[in-house]
Amino acid sequence: MASGPDGGEFSGHCARPDIPEVTGHEVLAAGGETAYPGVGVGPVVHVRRDEDLEAFPQGGVLVAGHSSPKYMVVMPRCAAIVTEHGSVTGHMASLCREFGAPTLLGVPDALTVLPPGEVVTVDAWSARIYRGRVEALAGLDVPREIAMRDTPVHGVLMRVLSHVAPLHLLDPKSPQFSEKSCSTIHDIMRLLHEWSYAEMFRISDMASGQSGMAMRLDAVTGLDLYVIDLGGGVAEGCGARGRVTPQEIVSRPFLALLDGLVLGDEQLRTPRPVHLKGFMSVLGEQMMSQPRADGQRFGEKSYAIISDKYLNFSSRVGYHYGVLDCYCGKTVNKNYITFSFKGGAADDVKRARRARGIALILERLGFVVEVTGDRVAGRFQKFGAQVIEDRLTSMGRLLQFTRQTDMLMVGEDSVTAMAECFFTGACQFTAEGMGK
């Protein structure tokens, strides 16, 4: 067993060598923790979304914002792995040791200082990353031994995977979106996901009619927002009359969301923009379409289910909805934000454009994102509480920023324009010059 940089031990075959910094070679990054020792040389490949794994090259150096067990599929091809965040006690670190991939976790600004395509030498023994190939470090790698390859167990696992991973239920509006069409565990989870949304809204509506269960939030948000306290989310003695103010909220994640959700003076003074062409398109869509009796148009009430560290926020406005689920506490590995947004009053094309615009914003905020039609889903996890709170404030802004924007998505250029506008700090997307 060999000691790691943090005083821990490696289960490798080699004692940790005492490696001084190699002179004559630029150190691009230093620091972090060693999940598995060794040296890897190859071109930098940024992995920001699942699609980036599909074309991952043999011998690439995987650089990502956060550790993830999803990277297991390319670990046999990785010369090394570097992430900005992650724990040596996490699941991915265990996989790196299984596959023998030299791995550094918690390297500051790795995605910024290690540009895509740059050939680097990752010294996971000493937690240094050099520009170019450093011949002096050759031979310090730990021999890889993947124990399960070409074994009966590996074959069984591959057969099991075919019943777990593929997703066939893609469109919730399709007649085939039912339990009879489920052929994998992924299908079952997708179906239950949609059913859960519908059930959550039904239960929330029932709860709002029960005295003492739901409290209306007295704040200017543009939403008919009710709060359900699971315990520790509202200051003691508050909300007894069925109303609560932001000053009486003590839920850490909900307070952060409200910081971006509550409308300021500038937003109240500025009317929502109306693009005439887009507005007429939306009006025509609503006049020609049949009334939506399938539950696609949700009620006007929105809900925040809270505790001191937990938040489930469901926002329903017209024909679109957003759901945010979050845990924000002291344990980094438990912290997460999940978010999904779907629907709108415009046609399918404009709704899909808005979804892609939201996806671009979420990606720049560090979320792992998936877009299907007019639905966008994102996940942000395993960060400290302060980082989670910062993202929740941005999510509050995002919920306000994207309201009624489907009618503004009159051209493909509006997708990137909306994302760029959000990061200027503007309170709303005006789409000036779009679709002309």
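Contact here means heavy atoms within 4.5 Å. The model is predicted, so local features need pLDDT of at least 70 and side-chain atom pairs count only at pLDDT 80 or more, while totals for chains, interfaces and linings use all residues. Residues are numbered from 1 along each chain as its sequence is written, and side-chain values use heavy atoms, with hydrogens and water left out.

The protein has 11 helices and 19 strands; these are DSSP runs numbered from the N terminus, with helices being H or I of at least four residues and strands being E of at least two. Of its 436 residues, 46% are buried, where buried means under 20% relative accessible area, exposed over 50% and partly exposed in between, with a 1.4 Å probe and protein chains only. Of the contacts between residues at least 6 apart in sequence, 57% join residues at least 24 apart.

In soluble globular proteins, nonpolar side chains tend to be buried together. A nonpolar core is defined as a set of buried Ala, Val, Leu, Ile, Met, Phe, Trp, Tyr and Cys residues joined through side-chain atoms within 4.5 Å. The largest such core has 50 residues, and those with the most contacts inside it are F254, L311, F313, L324, F339, L362 and M395. Helix α10 (residues 385–401) supplies the largest share of this core, 7 residues. Leaving out residues up to four places away in sequence, L311 touches P253, F254, L257, A304, I305, I306, L324, D325 and C326. A second, separate core of 20 residues includes A35, M75, M92 and L105.

Helix α10 also packs against two other helices. The axes of helix α6 (residues 252–261) and α10 come within 6 Å and cross at roughly 40 degrees; axes are lines fitted to C-alpha atoms, for helices over the stretch in contact, and angles run from 0 to 180 degrees between N-to-C directions. This makes α6 oblique to α10, because angles under 35 degrees count as roughly parallel, over 145 as roughly antiparallel, 65 to 115 as roughly perpendicular and the rest as oblique. By class, the contact of α6 with α10 has 8 nonpolar, 5 polar and 4 charged residues. Ala, Val, Leu, Ile, Met, Phe, Trp, Tyr, Cys and Pro count as nonpolar, Asp, Glu, Lys and Arg as charged, and the others, Gly among them, as polar.

The axes of α10 and helix α11 (residues 413–422) come within 11 Å and cross at roughly 135 degrees, which makes α10 oblique to α11. This crossing is right-handed. Here S394, R397, L398 and F401 in α10 meet M418, C421 and F422 in α11, a contact of 5 nonpolar, 1 polar and 1 charged residues. S394 counts as buried, at 18% relative accessibility. Apart from neighbours within four places in sequence, S394 is in contact with L365 and F422.

Most residues other than glycine have a negative phi. D109, in the loop between β8 (103–105) and α3 (110–113), has a positive phi near 55 degrees. A127 has a positive phi of about 60 degrees and is found in the loop between β9 (119–123) and β10 (128–131). At 7% relative accessibility, A127 is buried.

Technical notes:
A crossing is left-handed if the near helix is turned anticlockwise from the far one by less than a right angle, and right-handed if clockwise.
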